[in-house]
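Hi,

Here is the structure I said I would pass on. Have a look, and my notes follow below.

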Amino acid sequence: MPRPATERIRLQLASTMDSVAQVEEQAEKFIQSLGVNEDEIFPLVMGIREAAVNAVLHGNGYDPEKSVVITLEHLADSLIITIADQGDGFDPESLSDPREEENLLRGTGRGIFLIRSFFDEVNFRQLHPGTEIRLVKKLADGEPG
Amino acid sequence: MALSIATRELDGVTILDLSGRITLGEGSVQLRDAVRELISKGVKNILIGLGEVNYIDSSGLGELVSAYTTAKNQQANVKLLSLTKKVKDVLQLTKLYTVFDIFDDEASAIASYK
């Protein structure tokens, strides 16, 4: 049966590490279902997990009153993921390059860098309150779409 | 799979054989505790075996760096052994590959402490 042109999953989850595991599992299944090359799945799922951790931990601070909303979407030739938290927001421009000599031995600051490395587009939107990160990966020729 | 850590000694080197994932909430704390315990006991030569580690996230990378710097501050040495492709790729991407002494085989790693 032909695959529909658009597929979309929406999750609204508590601010817990269990939610992060759930996002990871759902994202892996979703991307696998698109016929993406196995080698490409790992970095994509890793990037999504990093973004989910940021939302749960840095955004919502594990606050049980706050949730994270995740959408996974296959639209035409692209994989589009959004992850929104209800935190205080942050300035992505303030992040320094973890590969710089002065940052190499820092214990933190690599999450967003990894996300940017794995996706073609990474955008942030302030939600008042909260932050939404939008990740886009162009799927290679031959993958369903 | 959560992280499991087995400890053994060989020719004056303490080897931590890690297996599983080094991620926030799953392995980072275990790794931190294991390394700090060794350093608190005065262990100077620590080799972290990553041959069975199939996943590391930014938190896990941070713990590896923290292990390295904590050891350095105590005149101890943390080196890495047997990276899987996934871990190697992430270390290269973040340039942490240039920070650590990394070995493919255990004998060479052990010899490097002498």
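What percentage of the 145 residues of chain A count as buried? The answer is 33%, where buried takes 20 or more other C-beta atoms within 10 Å of a residue's own, with C-beta atoms placed from the backbone.

Before the rest, some housekeeping. This is a predicted model, where local features need pLDDT of at least 70 and side-chain atom pairs count only at pLDDT 80 or more, while totals for chains, interfaces and linings use all residues. Residues are numbered from 1 along each chain as its sequence is written, and chains are lettered from A and ligands numbered from 1 in the order in which they are written.

Chain A has three helices and five strands (DSSP runs numbered from the N terminus: H or I of at least four residues for helices, E of at least two for strands). Along the sequence they come as β-α-α-β-β-α-β-β. With a radius of gyration of 15 Å, close to the 15 Å from the globule rule, chain A is as compact as a globular protein of 145 residues (taken over C-alpha atoms; the rule is 2.2 Å times the number of residues to the power 0.38).

Now chain B. The axes of helix 1 (residues 28–40) and helix 2 (residues 58–73) of chain B come within 9 Å and cross at roughly 10° (axes are lines fitted to C-alpha atoms over the stretch in contact, with angles from 0 to 180 degrees between N-to-C directions). These two helices of chain B are therefore roughly parallel, the word for angles under 35 degrees.

Cheers

Definitions and conventions
Parallel < 35°, antiparallel > 145°, perpendicular 65-115°, else oblique. Buried ≥ 20, exposed ≤ 12 C-beta atoms within 10 Å, placed from the backbone.
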